[in-house]
Amino acid sequence: MVLIKKILKFTKLVKSGDWVIIILFSFLMLISAKILWDLPQGQYLEIYKNNEILGTYSLNHKITKIIKGIKGETEININNGKARFSKAPCTKKYCIHQGWINKANQTIVCIPNQVSIYIVGAKKKYDSINY
């Protein structure tokens, strides 16, 4: 009941012009989120170990790769246009809990084992340029 009274008090304070601005701003935020987070579908998977590329694989094939890292063996699955870590020797298993990735520029890293996977689209995009 107290919450309803507070909401009614708030709606009396907000004028019609304020509502137009609130709705317009919300609409712009939704459109911006859609544009910025709608990544294209990935085409290839790059597997890295100690910051060195081990190989590039098509996401259109069913492949299971076992990579020997610093702490042990890491298993990476590629299936139906997506990839994931399925086994890792690390203790917290954050890399496994990330699940499947399939969009360009998505990355999963197993820091203790120093193995990472990176999805590449039809054309590589760079987040920043270093000189």
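Me: Which residues have the most contacts inside the largest nonpolar core?

Reply: The largest nonpolar core has 18 residues, and those with the most contacts inside it are L45, I47, I76, A83, F85, C95 and I117. A nonpolar core here is a set of buried Ala, Val, Leu, Ile, Met, Phe, Trp, Tyr and Cys residues joined through side-chain atoms within 4.5 Å. This is a predicted model, in which local features need pLDDT of at least 70 and side-chain atom pairs count only at pLDDT 80 or more, while totals for chains, interfaces and linings use all residues. Residues are numbered from 1 along each chain as its sequence is written, and side-chain values use heavy atoms, with hydrogens and water left out.

Me: Which strands each supply at least two residues of this core?

Reply: β1 (44–49), β4 (73–79), β5 (82–87), β6 (107–110) and β7 (115–120) each supply at least two, and β7 gives the most, with three residues. Helices (H or I, at least four residues) and strands (E, at least two) are DSSP runs, numbered from the N terminus.

Me: What is A83 in contact with, beyond its neighbours within four places in sequence?

Reply: With those neighbours left aside, A83 is in contact with L45, L59, N77, I78, G99, W100, I101, I117 and I119, where contact means heavy atoms within 4.5 Å.

Me: And S86, buried or exposed?

Reply: S86, which is in strand β5, counts as buried because its relative accessible area is 17%; the cut-offs are under 20% for buried, over 50% for exposed, and partly exposed in between (1.4 Å probe, protein chains only). Its side chain makes a polar contact of 3.4 Å with the side chain of N77. A polar contact is a pair of N or O atoms within 3.5 Å; within protein, one must be able to donate a hydrogen and the other to accept it, and residues adjacent in sequence count only if both atoms are side-chain atoms. Not counting residues up to four places away in sequence, S86 touches E75, I76, N77 and I96.

Me: What about E46, buried or exposed?

Reply: E46 is in strand β1 and counts as buried because its relative accessibility is 6%, and a polar contact of 2.6 Å joins its side chain to that of Y48.

Me: Changing topic, where is W37 found?

Reply: W37 is found in helix α2, and it counts as exposed because its relative accessible area is 70%. W37 also belongs to a nonpolar surface patch with L24, F27, L28, I31, I35 and L36, which together have about 830 Å² of accessible area.

Me: And P40, where is that found?

Reply: P40 is in the loop between α2 (16–37) and β1, and it counts as partly exposed because its relative accessibility is 42%. Leaving aside neighbours within four places in sequence, P40 is in contact with K103 and A104. The C-alpha atoms of P40 and V120 are separated by 9.7 Å, although these residues are 80 residues apart along the chain.

Me: Which loop holds N51, and what is its phi near?

Reply: N51 lies in the loop between β1 and β2, with a positive phi near 65 degrees in a residue other than glycine. Most residues other than glycine have a negative phi. N51 is exposed because its relative accessible area is 76%.

Me: And Q114?

Reply: Q114, in the loop between β6 and β7, has a positive phi of about 55 degrees although it is not a glycine, and it counts as partly exposed because its relative accessible area is 38%.

Conventions. Patch = residues over 30% accessible without salt bridge, like charges linked within 9 Å, V, L, I, M, F, W, Y side chains within 5 Å. Areas by Shrake-Rupley, 256 points an atom, 1.4 Å probe, with all protein chains shown as cover. Salt bridge = Lys/Arg side-chain N within 4 Å of Asp/Glu carboxyl O.
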